[in-house]
Amino acid sequence: MTQPKPNFEQMTIKQLRTYVLAHRDDEDAIHALAIRLRNEGRTGTVDEFLAHLQQQTE
């Protein structure tokens, strides 16, 4: 039996980013993070989102 996914809407961006980095194959989490970053004006394009994630892994 699989565990239920966390509620991405209740996570902070930092928590969500940490989750995405630990679960890189979770497309729902990646999508949720991309939407949150875009809505907060931190990224506007896919390239900016990918650059943001890259900075977090260095």
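This is a short tour of the structure above, one selection at a time.

**Before you click**

The model is predicted: local features need pLDDT of at least 70, side-chain atom pairs count only at pLDDT 80 or more, and totals for chains, interfaces and linings use all residues. Residues are numbered from 1 along each chain as its sequence is written, and side-chain values use heavy atoms, with hydrogens and water left out.

**Stop 1: the whole protein chain**

Helices (H or I, at least four residues) and strands (E, at least two) are DSSP runs, numbered from the N terminus. The pattern along the sequence is α-α-α.

Along its principal axes it spans about 35 × 25 × 15 Å. The radius of gyration of the protein chain is 11 Å; a compact globule with 58 residues would be near 10 Å, so the two agree. That radius is taken over C-alpha atoms, and the globule rule is 2.2 Å times the number of residues to the power 0.38.

**Stop 2: the core**

Select F8, M11, I13, L16, Y19, V20, A29, A32, L33, L37, F49 and L53. These 12 residues form the largest nonpolar core. Helix 1 (13–22), helix 2 (27–39) and helix 3 (46–57) each give two or more residues to this core. A nonpolar core is a set of buried Ala, Val, Leu, Ile, Met, Phe, Trp, Tyr and Cys residues joined through side-chain atoms within 4.5 Å. Buried means under 20% relative accessible area, exposed over 50%, and partly exposed in between (1.4 Å probe, protein chains only). In the protein chain, 28% of the 58 residues count as buried.

**Stop 3: F49**

Zoom in on F49. Which residues does F49 touch, not counting those up to four places away in sequence? They are I30, L33, A34, L37 and T43. Contact here means heavy atoms within 4.5 Å.

**Stop 4: A22**

Move to A22, in helix 1. Is A22 buried or exposed? A22 is exposed, because its relative accessible area is 57%. A22 and T43 are 21 residues apart in sequence and 21 Å apart in space, C-alpha to C-alpha.

**Stop 5: D25**

Next, select D25, in the loop between helix 1 and helix 2. D25 counts as exposed, because its relative accessibility is 69%. D25 and Q54 lie 29 residues apart in sequence and 16 Å apart in space, C-alpha to C-alpha.
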